[in-house]
Amino acid sequence: RCMVIPNAIEMPVVSGDLRKELGISKDTPIAGMHQRPDDGIFSGCLMESFALNVKDNVHLIILGGSDLYKHHASQLQIPANKITFLPPTGDVEYIHKFLNTLDFYTHCRKDGEQCSTALMEAMFHGLPIIGHPAPSMGHEIQIGDSGFICYSAGDYSSKIALLASNKEKRAQLSLLSKQRYDNKY
């Protein structure tokens, strides 16, 4: 049995996004995540999966997170024009402006989650979510039918490709994500 007891978090309504500021075309699908800068929660799954998609028309943005993401992207030779790293911030309005920029959320965390604020914020914005297994699997329950849990870099990569190329699937999961937020959080 499982019961979700959500964190109380502020969800400001913020207009606009970062596309123009970052020089990313409105036609380019954007994946991304935000995370505190902590090497202990770094997971290479996202970079390994994204490296398989650099040929596709998709851009990845990471807000905050460990510098290990930059190092791993460099090792995997992910082109700089396909990925943007933004410095960490505690500015709630900027975080929500960042989330307004994304077309889907690419969750990645070595230890997993129990009741993730980041996932709640993504759902508030109606973002489909891709995640991967970890020792703590609370995020699987949070994501539910609003996205995917992928058990290999290849599977994660295929879901990035699916959501980047299939607007109908993205729209379907977006609706489920927003409904999940409204019903649970």
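Reader: What makes Cys150 and Cys45 too far apart for a bond?

Author: Keep in mind that this is a predicted model. A disulfide needs two cysteine sulfurs within 2.5 Å. The closest cysteine sulfur to that of Cys150 belongs to Cys45, and it lies 7.5 Å away, so that's too far for a bond.

Reader: Why is Cys108 called buried?

Author: Buried means under 20% relative accessible area. Cys108 is at 0%, so it counts as buried. Cys150, at 1%, is buried as well.

Reader: How do you know that the length of helix H8 agrees with its number of residues?

Author: H8 runs over residues 167–184, which is 18 residues. At 1.5 Å a residue they should span 26 Å, and the end C-alpha atoms are 25 Å apart, so the two agree.

Reader: What makes you say that the buried residues of H8 line one face?

Author: Those residues are Arg170, Leu173, Ser177, Arg180 and Tyr181. Looking down the axis of H8, they fall within an arc of 95 degrees, so they line one face of the helix. In an α-helix there are 3.6 residues a turn, so residues three or four places apart point the same way. The face of H8 turned away from the buried side carries exposed residues: Glu168, Leu175, Asp182 and Asn183.

Reader: What makes Asn166 a cap for H8?

Author: A side-chain oxygen of Asn166 lies 3.1 Å from the backbone nitrogen of Glu168, at the N-terminal end of H8. The cut-off for a polar contact is 3.5 Å, and the 3.1 Å of this pair is within it.

How values were computed: Residues are numbered from 1 along each chain as its sequence is written. This is a predicted model: local features need pLDDT of at least 70, side-chain atom pairs count only at pLDDT 80 or more; totals for chains, interfaces and linings use all residues. Side-chain values use heavy atoms; hydrogens and water are left out. Buried means under 20% relative accessible area, exposed over 50%, partly exposed in between (1.4 Å probe, protein chains only). Helices (H or I, at least four residues) and strands (E, at least two) are DSSP runs, numbered from the N terminus. The expected span of a helix is 1.5 Å times one less than its number of residues. The arc is that of the directions from the helix axis to the C-beta atoms. A polar contact is a pair of N or O atoms within 3.5 Å; within protein, one must be able to donate a hydrogen and the other to accept it, and residues adjacent in sequence count only if both atoms are side-chain atoms.
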